Amino acid sequence: MPHVYETDGAAIYRQSFATIRAETNLERFSADEEPVVVRMIHAAGMVSLESCIRFTPGMARIARAALQNAAPILCDARMVSEGITRARLSAGNAIICTLDDPAVPALAQSMRNTRSAAALELWRPHLDGAIVAIGNAPTALFHLLNMLEDRNCPRPAAIIGCPVGFVGAAEAKAALMADRPAPALTVEGRLGGSAITVAAVNALASRSE
């Protein structure tokens with residue numbers, strides 16, 4: 001006997017978001033933040049993610065404005081850059097991931113750091129006013145914070161810092177929220193990842209559900 005299941009994509013989204021809102025206490029989030037949190041929970045499939053999500057004041061509003069003004073989106077991994085829905089970017093924003101640039105392996109060797117961290121050195125010409133989306137490598141977020149300790153380094157408009165893992169992820173995100181070099185969004189602890197990061201970018205780019 002064939003399985004019977006929902007086949008209407010729009011209905012699946014409506015039911016998913018209604019379930020999240022029914023099962024999650026979202027009262028502490030602003031009107032700008034709430035749809036971002038819903039999308040991040042949807043990507044994780046875990047309503048308890050809510051308790052780990054942190055925004056600095058005004059981050060969602062500032063990031064939305066930057067995206068509407070065509071800010072480039074700088075991504076630490078192809079899983080992030082490829083997941084962003086281009087149709088939600090009304091300003092035709094550039095999406096940049098430098099991880100596969102041919103210069104990166106030698107740069108990483110000279111820096112004695114990971115390729116993910118070295119790739120950020122190629123962000124400098126694009127960093128001013130950009131949206132940063134780090135969803136994979138803790139070393140990338142740590143290196144970004146070190147770059148931004150230099151007052152001459154261009155400032156991004158906002159940082160989505162949600163790397164995942166068991167080595168350095170929680171510490172890098174804690175450092176982001178302690179240093180606050182730009183408005184920021186993160187998921188505390190080991191949780192995070194490309195899907196959650198992409199969900200945040202897509203929700204900030206458009207309120208459409």
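Reader: Are the residues of strand β5 (residues 158-161) buried or exposed?
Author: This is a predicted model, where local features need pLDDT of at least 70 and side-chain atom pairs pLDDT 80 or more, while totals for chains, interfaces and linings use all residues. Residues are numbered from 1 along each chain as its sequence is written, and side-chain values use heavy atoms, without hydrogens or water. Ala-158 and Ile-160 point one way from β5, and Ile-159 and Gly-161 point the other way. On both sides these residues are buried (under 20% relative accessible area; exposed is over 50%, partly exposed in between; 1.4 Å probe, protein chains only).

Reader: How many bridges pair strand β4 (residues 131-134) with β5?
Author: Strands here are DSSP E runs of at least two residues, and helices are H or I runs of at least four, numbered from the N terminus. Two strands pair if DSSP finds at least two bridges between them. β4 and β5 run in the parallel sense, and their bridges number four.

Reader: Which residue of β5 is the bridge partner of Ala-133?
Author: β4 and β5 pair in the parallel sense. The β5 partner of Ala-133 is a residue that points the same way as Ala-158. That partner is Ile-160.

Reader: Which strand does β5 join through three bridges?
Author: The two strands run parallel.

Reader: How far is Arg-115 from Thr-139 in space, C-alpha to C-alpha?
Author: Arg-115 sits in helix α6 (residues 115-118). At 41% relative accessibility, Arg-115 counts as partly exposed. Arg-115 and Thr-139 are 24 residues apart in sequence. In space, their C-alpha atoms are apart by 9.0 Å.

Reader: How far apart are the end C-alpha atoms of residues 12-206?
Author: UniProt, in an unreviewed entry, lists residues 12-206 as "domain: Cobalamin biosynthesis precorrin-8X methylmutase CobH/CbiC". The span is 43% helix and 10% strand. Its end C-alpha atoms lie apart by 19 Å.

Key
UniProt positions are given in the numbering used here, feature names are shortened, and annotations may be inferred rather than shown by experiment.
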